Amino acid sequence: MDEGKLRTEMRGAAAMLVVGVFALNAHAQEAMWAEAATQPPSQTLRYRPMAHYVRYGGSPSGKFTRAEELSIEHEFAFALKPDVSLSVTVPTTYRTTKGRTGGDATDEDSGIGDITALAKIRWYKDDTGPIDTVRSSIFFGAEIPSGHEQLSSKSVDPIVGVATTWIRKRWGGTFTVGYKMNTNQEEEGLEPGDAKADAFNIDNAVMYRLAPEKFTMESKGAWYLIGEVNGIFETNADHEVMLSPGLMYEGWTWAFEASIQLPILQQVDHRPERRFVVGLGLRFLF
Amino acid sequence: MRTTWMAMALMMGLLAVGGCATTGSGGDSHGGASKGETSNALLNDTTVVKGTSTTMLVHGMSCPLCAKNVDIELRRVKGVSLVTADLGEGFVYVTLDGSAPVTRGQLARAVNDSGFTIKSFQN
């Protein structure tokens with residue numbers, strides 16, 4: 001194996017290791033990719049790192065032939081009241097882009113990506129049994145540019161949406177509808193909603209508790225099987241639907257999850273296709 | 001564009017299926033308020049808890065980490081020394097250390113602040 005290829009493989013392995021250590025998206029019975037109607041306890045600050053590894057195809061306009069991205073998102077959420085929380089998410093991103101400067105050369109960029117600030121207000125809660133619940137929250141805020149030359153969309157993009165989470169015995173789920181208004185005027189972006197088109201998200205997640213069949217005083221944790229369908233529809237007619245199977249273990253103070261996103265419907269002409277997305281999670285609650 | 005709308009229709013259909021699963025569930029009934037929210041009577045209950053422990057029936061704790069959230073809030077109440085939960089039945093057992101008087105309202109508000117619904121005190 002030549003030195004360049006070896007270095008690339010080692011970077012990939014290191015990236016996956018970092019994902020394994022830091023990727024955290026599970027909260028309670030949240031799905032991995034859909035925004036859920038959950039929040040920290042009142043007057044409590046929660047730090048939650050999340051990581052995604054994404055492999056992109058080539059740019060439609062030929063700006064590059066392939067890109068990879070490892071992003072670790074640091075989310076700080078604070079609940080002002082039982083039903084109101086604020087969150088700020090700061091992504092630290094490492095991206096490689098092949099062919100951007102011509103030939104087979106690979107460019108590397110690292111730094112802080114766009115920051116997302118959201119307010120979430122739970123407007124509906126109905127706890128109908130020891131485990132059963134239905135909750136719904138509205139969320140609104142904006143994606144704020146970090147100023148990084150390559151990793152920022154360079155625009156303030158308002159976000160609004162509704163998330164509803166339900167749990168009924170061993171089954172649970174989340175369905176979320178979100179809208180990101182893009183003020184950027186670039187014709188082409190890397191991520192969905194990064195170009196000048198607005199992005200409409202529809203996420204539907206279903207979770208099933210594999211074990212235990214029934215919680216008891218002796219239960220030490222729970223295993224969940226997760227299936228998500230995540231759709232992104234942009235006003236420039238680009239659209240993408242991802243199927244996201246996953247597995248989660250949740251203990252009393254920590255959780256672990258693994259999920260992969262695979263495209264089942266993809267029609268994008270203004271950004272590269274996402275070949276697949278990997279997420280591994282581990283979270284501790286103090 | 002037609003494909004886009006078909007895909008959106010598919011997603012909305014899936015949402016509708018998910019939404020149907022949440023309606024009319026009713027859930028397990030243990031009395032108390034008809035809607036799944038903590039009643040004001042419980043939140044404002046000034047009755048001091050007698051003895052060294054009490055048990056509450058709590059709804060909406062769907063997972064182990066939810067129970068941890070309840071534990072965090074209840075331990076903020078001065079006088080609470082230990083919290084254990086039975087998720088399957090919804091019971092939260094609170095042990096008091098006697099360092100300060102604890103009212104039922106304090107415990108109810110702590111559970112409410114953790115995002116869940118207290119239905120009743122069992123003793």
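**Stop one: chain A**

Start by selecting residues 45–56 and 66–81 of chain A: these are strands β1 and β2, and they pair in the antiparallel sense over twelve bridges. (Strands pair if DSSP finds at least two bridges between them; strands (E, at least two residues) and helices (H or I, at least four residues) are DSSP runs, numbered from the N terminus.) This is a predicted model, where local features need pLDDT of at least 70, side-chain atom pairs count only at pLDDT 80 or more, and totals for chains, interfaces and linings use all residues. Residues are numbered from 1 along each chain as its sequence is written, while chains are lettered from A and ligands numbered from 1 in the order in which they are written.

Click on A:A51 next; its bridge partner in β2(A) is A:I72. Which two strands make a hairpin with two residues between them? That's β2(A) and β3(A).

**Stop two: chain B**

Hop over to chain B, where four strands form an open, antiparallel sheet in the order β2-β3-β1-β4. Its edge strands, β2 (80–86) and β4 (117–121), each pair on one side only. Select β2(B) with β3(B), residues 91–96, to see six antiparallel bridges. Here B:V83 stands opposite B:V94.

Finish with helix α3 of chain B, residues 64–75, which lies across β1 (53–59), β2 and β3 of chain B.

Note on methods
Contact = placed C-beta atoms within 7 Å. Axes fitted to C-alpha atoms, helices over the stretch in contact; angles between N-to-C directions.
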